[in-house]
Amino acid sequence: MPTTEKIPYIPLTEVEQSAFCRTDESLDVKPLAEEFAAVVSWQSIPGEYHYLGGEELTRRIREARNALGTRLVILGHHYQRDEIIQFADFRGDSLKLSQQAAAQPDAEFIVFCGVHFMAETADILSAPHQKVILPNITAGCSMSDMARTDDVLDCWDDLTNVLGEGGIIPITYMNSTAAIKALCGRNGGIVCTSSNAPAVMKWAYERGERIVFFPDQHLGRNTGLKLGVPLEKMLVWNPFKPLGGHTAEELQRSKAILWQGHCSVHTRFSVAQINKARAAYPDINVIVHPECVMETGQAADFDGSTEFIIKKINEAPAGSKWAVGTEISLVNRIAQENPDKLVFCLDSVVCPCSTMYRTHPAYLLWTMDCLLRGEVTNQITVDEETARYARIALDRMLNEV
Ligand code: SF4
């Protein structure tokens, strides 16, 4: 049905984003009870896990890990805290982790220490006998939550009504629900990652004259600019306004329609922070993620995915200096692994991704204790039809780009 005026909706994951911002630079694990004091809506688990300190959690997770052996594979996204990453059999970005999980046929359980959409992708790509588990079921992603499936379906109806069938190619960033990936699969569209977004967008422009990009307007805009799409031809779709806030003529003149979504973490990085880093260190290299706003990306020396940022700094000469615009747990890890370089986060306030942060070690321990008792908790499943079409969009990315 056509989009009507709707009441604006702010996801809880966005509201809670600043709950764990700190100025003391410490991200050490605190007992769950202390984290709950920030009044956040995390999944409730038995009280016996609430008061366990970091050392006890580490010891018990190690014991449970050993007891489960090869039945279990633990995936750790780059933005997880070190206390989780130390147990990860694989670490990486969301696609890389799902592919690695699928390549472990012995693993009956895939515990995905990441966020909800990643676990969905792992379920789509893994074998039928494998069970994908998200330790804390409330670990969503605020960007993904900004694109509710019904709003996206309304947008798609509007666009096809105005532009006609085949008038637009849908692209969704990996950070979206399986239902949105399926919409892309059904309608000649495709999935992208922050690494391959330019190649995917090029693929789409070879098949249609305009694109709609879900759900991150910044990745969409930054990628469009790299491909030479004029800024004035890129419109932002406001899901709460009829026709996304545009006239039919404006939509017909456009080259790209960008969903009004953003990453709560990466939009914190600013040109002012870059100027401050350059004033302190004239020979600094500034490297940021393409989910940052356009002005920040343009002021930086380099922009690219998490894998690009890691590789670029790892391969840089000793003594080089790096101000980094991405999630703080990853920046701290890169700094630790490159002691011969100066590596620091552009933002002086320590703000972890609050949804990644929800995978507190207590949840990992609880998940594994349940498995040892024969109980599978927080299994993430995608229904067969959604998975089939989402897989089509994923396969186009994997095989055609
Ligand atoms: S860093 Fe941003 S895009 Fe990534 S999981 Fe967190 S909120 Fe979502």
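User: How many Å apart are the C-alpha centres of domain 2 and domain 3?

Analyst: In this predicted model, the C-alpha centres of domain 2 and domain 3 are separated by 29 Å. Domain 2 covers residues 147-261 and domain 3 covers 266-345, while domain 1 is made of the pieces 12-19, 26-141 and 355-382.

User: What makes domain 2 and domain 3 count as being in contact?

Analyst: Two residues are in contact if their C-beta atoms lie within 7 Å. Eleven residues of domain 2 are in contact with eleven residues of domain 3. On the domain 2 side, helix α11, residues 217-226, gives the most, with six residues. By class, that side has three nonpolar, six polar and two charged residues.

User: Why is lysine 226 called partly exposed?

Analyst: A residue is buried with 20 or more other C-beta atoms within 10 Å of its own, and exposed with 12 or fewer. Lysine 226 has 15 C-beta neighbours inside 10 Å, so it counts as partly exposed. Lysine 226 lies in helix α11.

User: How do you know how compact the chain is?

Analyst: The secondary structure comes to 18 helices and 13 strands. The radius of gyration is 21 Å, and the globule rule gives 21 Å for 401 residues, so the chain is as compact as a globular protein of that length. Along the principal axes, the C-alpha atoms fill a box of roughly 60 × 55 × 40 Å.

User: How much of the chain counts as buried, and which residues touch the most other members of the largest nonpolar core?

Analyst: Of the 401 residues, 50% count as buried. The largest nonpolar core has 114 residues, and Leu75, Ile110, Phe112, Ile171, Ile190, Ile211 and Val324 touch the most other members. Helix α17, residues 361-372, supplies the largest share of this core, seven residues. Leaving aside neighbours within four places in sequence, the contacts of leucine 75 include Ala88, Phe90, Leu97, Ile110 and Phe112. In soluble globular proteins, nonpolar side chains tend to be buried together.

User: Which residues come nearest to the ligand?

Analyst: Cys141, Met143, Cys263, Val265 and Cys353 come nearest, out of 13 residues around the ligand. The shell divides into eight nonpolar, four polar and one charged.

Note on methods
Residues are numbered from 1 along each chain as its sequence is written. This is a predicted model: local features need pLDDT of at least 70, side-chain atom pairs count only at pLDDT 80 or more; totals for chains, interfaces and linings use all residues. Domain bounds come from an automatic or database domain assignment. Helices (H or I, at least four residues) and strands (E, at least two) are DSSP runs, numbered from the N terminus. Ala, Val, Leu, Ile, Met, Phe, Trp, Tyr, Cys and Pro count as nonpolar, Asp, Glu, Lys and Arg as charged, and the others, Gly among them, as polar. A residue is near a molecule or strand if its C-beta atom, placed from the backbone, lies within 6 Å of it. A nonpolar core is a set of buried Ala, Val, Leu, Ile, Met, Phe, Trp, Tyr and Cys residues joined through C-beta atoms within 7 Å. The radius of gyration is taken over C-alpha atoms; the globule rule is 2.2 Å times the number of residues to the power 0.38.
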